[in-house]
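Q: I have a structure open and want to go through its contacts. Can you take me through them?

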Amino acid sequence: MLHELLLALLGYTGDLIIDEREHQNSLRIQLSADAPVSDGRTFKLAPDISFIEPSERDLIEKIITLGFYYRELDRFATKSRNLSWIRSVNASFLERADELSKGKTEKLSVYRRAIANGIVEILSVYRSAVLHIEQKLLSETMPILATITQGLNKFFVLLPPLYELVLEIEHDDIRGGQLLNLLQKRCHCGVPELQACIQRLLWHGHQVMYNQLASWMVYGILQDQHGEFFIRRQEDQDVEHGSSHSDMSEKLARLSTDDKTLTDWHLGFHISLDMLPEYIHMRVAESILFAGKAVRVLRNPSSAFRFQDQQIMRSSQKIQGFTGRFSSQKEAFLDMKLIGEELFPQSEADKIEAMLQDLKESSEFHKRSFEYAVDSIRAIAASHLWQLVVVRADLNGHLKALKDYFFLAKGDFFQCFLEESRQLMRLPPRQSTAEADLMVPFQLAAIKTIGEEDKYFSRVSLRMPSFGITVKSSKVDLPKAKAYADGNSGASSEISLDGWDGIALEYSVDWPLQLFFTQEVLSKYCRVFQYLLRLKRTQMELEKSWASVMHQDHTDFAKRRNDRINCSVSQQRRQTCRPMWRVREHMAFLIRNLQFYIQVDVIESQWNILQAHIQESHDFTELVGFHQEYLSALISQSFLDIGSVSRILDSIMKLCLQFCWTIENQESGANIPELDHITEEFNKKSNSLYTILRSSRLAGSQRAPFLRRFLLRLNFNSFFEATARGVLNVVRPRPAITVLNQQ
C-alpha cells in the first residue's frame, strides 16, 4: 500500500488511489497530454477500501493531493515545453492548411515554456524528496505514514499555490508580459519558501524578456513569433483591430520615401500596453522602443546614403593613388560593411550586450538597475543617431535653409518673387495652370537673387496643393502634396484672402534627415510660411499703392503747371485722397510692426535658442524635443494657435488688400462708400486685436515677454489704448471717409 501511495505521489493512480476523471462511467479513460488542467482535486482513496481507519484515510487523502498537484503541474510543463509546433523545412503548405482546418489554433508562448522550465526544476526537487522517502521507508523495520508526512511537509506549502498559478494561467490564457505581471504579484507573500519558488519562475520569464531585449537593442531585430513582447510591429495592431489593407497603404504613402527603415521608424513599431509589465515604467518602454529603432536605422542605412559614402570613399582612394584589385561586388560588400561599422561600431554593440548580460545573470529583478541599463543603452543609440543626423547629414545647414525659405529670411528673394508675380496674383488662379504660372516668377526671382553657392535652393519647390497640381515628376511628389494638403486642413476654417493663399513650399529631404523632418514637422513649416507670405504680400501692396499714387500725384502736378484750367480738378482729387493716405499709413504701421515682431522678436530669438541647444546637446531625442519646442514657440508667439487672433489678422490683411486695389482703381471714380466701409472695419479689427493682445490671459503666457514689445511699438503714443475704449461696442456716426489721425 505504501508503494502505491508513493506512486500516486508521482501522479500514477491504481486500485488503491484512483483518479475520478479516469474512472468516469467505470471506464479507465487515460487523460491526453493536451487536456486542460483540472479545476478540482480528483485523486481519491478507493471507496471499497475498508481496512483503513478513518483517521488514516483522512491523512492519506491529504497526502495524495500532492500527487494530484504534481501530475497537473507536470502535464502543464509537458504541454508548454512541447516543441512539435516547430515545422520542418519540408512541410508543405497543404499540410499546414489541413492542420489549421482541424482546429489546431492553440496560441503558443515562449514565456509559458520558460515558466514550465522553472516548474520542472521545482518538480525535480519534489521527485527527489519522494525517492528519499522511499529509501527511508525501505530501511525502516516498521514503515509509518508519518515518515511520508514529515518528508513532504514543505511541499504542502509550495504545490497548492503553484497549482492555482497554472490554473489561472490556462483559464485566462495569460501570456507574455501579463504572465510576468502575475508572477510579480505572487512574489509578494509571507512564505519565504514559496516566495523563492515564484522568484525562480519569474527569473526564467525574465530570461526570455532579456533575450528579446538583446535582439531588439543590439541588432534591431524583433524576435516575437507569438506576440508576447511589449514592442510590436504596427501591422500586428492593425490586424487585431481590423484595419484594411488600403488604410495601411494610405499610412505608408504619407512617408516621403520608399526606404523601409523610415517606414519602420515612423509607422513600423509601437508599445503594446497589454504586454507591458506594470513594474516597467512607460518612459522606460519608450526608451527601449527608441533604442531598437535607432539601431535598426544605424545598421540598415539607405541605399542612396550608402552610394554617397561609397562614392566618397572611392574618390578618396583615387586621390591617394590606390587601384582596385578586387571585383566590384566585393568592393560594394566591403564598403557596406565599413559604413555599417562606422555608424554603429561593434564595440558599442558589445557594450550593450554586456549590460543586458549582467541583468540576466542577476538572481532577482532590480528595477533601478534595469532602468539605469536601459537609459545607458538609449544614450548610446541616441548619440550615434545624433552623429549620423547632425554631423554627417548636415542638419544645421538644412535648418538654416528652412529658415531662409520657409520663414522668409531671404527677404530679397521673396520681395523679388512677389514683385514678379504681382500682376499674376491680381487675377484669380487658373485651376489647370496655377502652379505652372507661378514657376516663371519663382525662377526669375531665383536667377536674380540666389547665388550658385546656395546648394539648398534646389531642394525647394513651389506648390499649389489646394489645386492638387504638381510640376516635378517624381514618385514621392504625391505623398508630399497630400501631406501638405493635410497640414493645411487645420487652417480651412480661417478667412481666406484669395485663391493664392494656397501657395506652399516643398522641401526635399534625404535619408536620414527624414527621421528628423517628418511630414508633421514640414507641415508646420508650411503653415508659418503661408502666414508670413500673406503678411509680406500685404506689406508690399501697401507700399506699391503709395508709390503708384505718388507717381500719379507728381504727374498731376506737372500737368497743373502746363494746364491752369484743370488745376482745380487736380487739387480737388488731391484733397480727396489725403485722408485715404492717412488710413493707408495706419494700415502700413500695423503691418510693419507685426512683420518686425514676427521676424525679429519671434523667429530670430527662437532661432538663437535652437542654435544654442544644438551646440550643447549630443542626444538625438533631445534635439527632436528642442526642435519641436522651437516650432511650437513660433506658432504660439505668432498667434497661429489662437483662432480669434488669427481670424482678426487675416481680416486685417484682407481689408488692406481691398483698400489698395480700390485706391489704385480710383481713376475711374473713387468708390467712397466702399472705402468708408473698409476704413470702418479696419478700425474695429485693429482695436479688437489690440484689446485681445493686452488681455490678462495672454499676459501670463510664454508669449508675454515678446508680446509686450509688440504692444509697446503699437501703442508708443497711447493712440491704440485711447481709441480701443469705444470702438468695439459703440458705433459712432462718421463722415464719408473716416480717418484715424495718428499723431
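A: A definition to start with: a salt bridge is a side-chain nitrogen of Lys or Arg within 4 Å of a carboxyl oxygen of Asp or Glu. Bear in mind that this is a predicted model.

Q: How many salt bridges are found in the whole structure?

A: The search finds 25 salt bridges. One of them pairs lysine 455 with aspartate 394, with 4.0 Å between the closest N and O atoms.

Q: Where do lysine 455 and aspartate 394 lie?

A: Both are in loops: lysine 455 in the one between α20 (434-449) and β5 (460-463), aspartate 394 in the one between α16 (367-392) and α17 (395-406). The pair therefore ties together parts that are 61 residues apart in sequence.

Q: Lysine 455, buried or exposed?

A: Lysine 455 is exposed, at 55% relative accessibility.

Q: What does arginine 463 pair with?

A: Arginine 463 forms a salt bridge with glutamate 506, at 3.1 Å from N to O. Glutamate 506 is in strand β6 (residues 504-507) and arginine 463 is in strand β5, so this bridge links parts 43 residues apart in sequence.

Q: Is that glutamate 506 buried or exposed?

A: Glutamate 506 is buried, with a relative accessible area of 3%. Arginine 463 is buried too, with a relative accessible area of 3%.

Q: And aspartate 650, which residue does it form a salt bridge with?

A: With arginine 534; the closest N and O atoms are 3.0 Å apart. Aspartate 650 belongs to helix α25 (residues 643-664) and arginine 534 to helix α22 (residues 519-562), so the pair ties together parts that are 116 residues apart in sequence. Both residues are buried. As for networks, salt bridges with shared partners join Arg71, Glu72 and Arg75 into one.

Q: Back to α25. At what angle does α25 pack with α26?

A: The angle between α25 and helix α26 (residues 672-693) is about 155°, and their axes are 9 Å apart. Angles over 145 degrees count as roughly antiparallel, so α25 is roughly antiparallel to α26.

Q: Is the crossing of α25 and α26 left-handed or right-handed?

A: The crossing of α25 and α26 is left-handed. The residues that meet there include Ile648, Leu649, Ile652, Leu655 and Phe659 in α25, and Leu675, Ile678, Phe682, Leu689 and Ile692 in α26. Cys656 of α25 is also among them, as are Glu674, Glu681 and Lys685 of α26.

Q: Now α18 and α20. At roughly what angle do they cross?

A: Helix α18 (residues 411-420) and α20 cross at roughly 140°, and their axes come within 8 Å. That makes α18 oblique to α20. The crossing is right-handed.

Q: Which residues in α18 meet α20?

A: Asp412, Phe413, Cys416, Phe417 and Glu420 in α18 do. On the α20 side, the residues include Leu438, Pro441, Phe442 and Leu444.

Q: Switching to cysteines. How many disulfides does the count come to?

A: The count comes to 0 disulfides. For cysteine 189, the nearest cysteine sulfur is that of cysteine 187, 7.4 Å away. For cysteine 197, the nearest one is that of cysteine 189, 9.4 Å away. The cut-off for a disulfide is 2.5 Å between the sulfur atoms.

Q: What about the accessible area of cysteine 189?

A: Cysteine 189 is partly exposed, with a relative accessible area of 26%. Cysteine 197 is buried, at 12%.

Q: Next, phenylalanine 43. Where is its place?

A: Phenylalanine 43 is in strand β2 (residues 43-45). This phenylalanine is buried, with a relative accessible area of 2%. Leaving aside neighbours within four places in sequence, phenylalanine 43 has contacts that include Ala8, Thr13, Ile18, Ile64, Phe68 and Arg71. Arg71 is also in the salt-bridge network with Glu72 and Arg75.

Q: How far is the C-alpha of phenylalanine 43 from that of threonine 13?

A: The two C-alpha atoms are separated by 8.0 Å, and the residues are 30 apart along the chain.

How values were computed:
Residues numbered from 1 in each chain as written. Predicted model: local features only at pLDDT ≥ 70, side-chain atom pairs only at ≥ 80, totals over all residues. Heavy atoms only, no water. Buried < 20%, exposed > 50% of the residue type's maximum accessible area, 1.4 Å probe, protein only. Helix = DSSP H or I, 4+ residues; strand = E, 2+ residues; numbered from the N terminus. Axes fitted to C-alpha atoms, helices over the stretch in contact; angles between N-to-C directions. Parallel < 35°, antiparallel > 145°, perpendicular 65-115°, else oblique. Left-handed = near helix turned anticlockwise from the far one by under 90°. Contact = heavy atoms within 4.5 Å.
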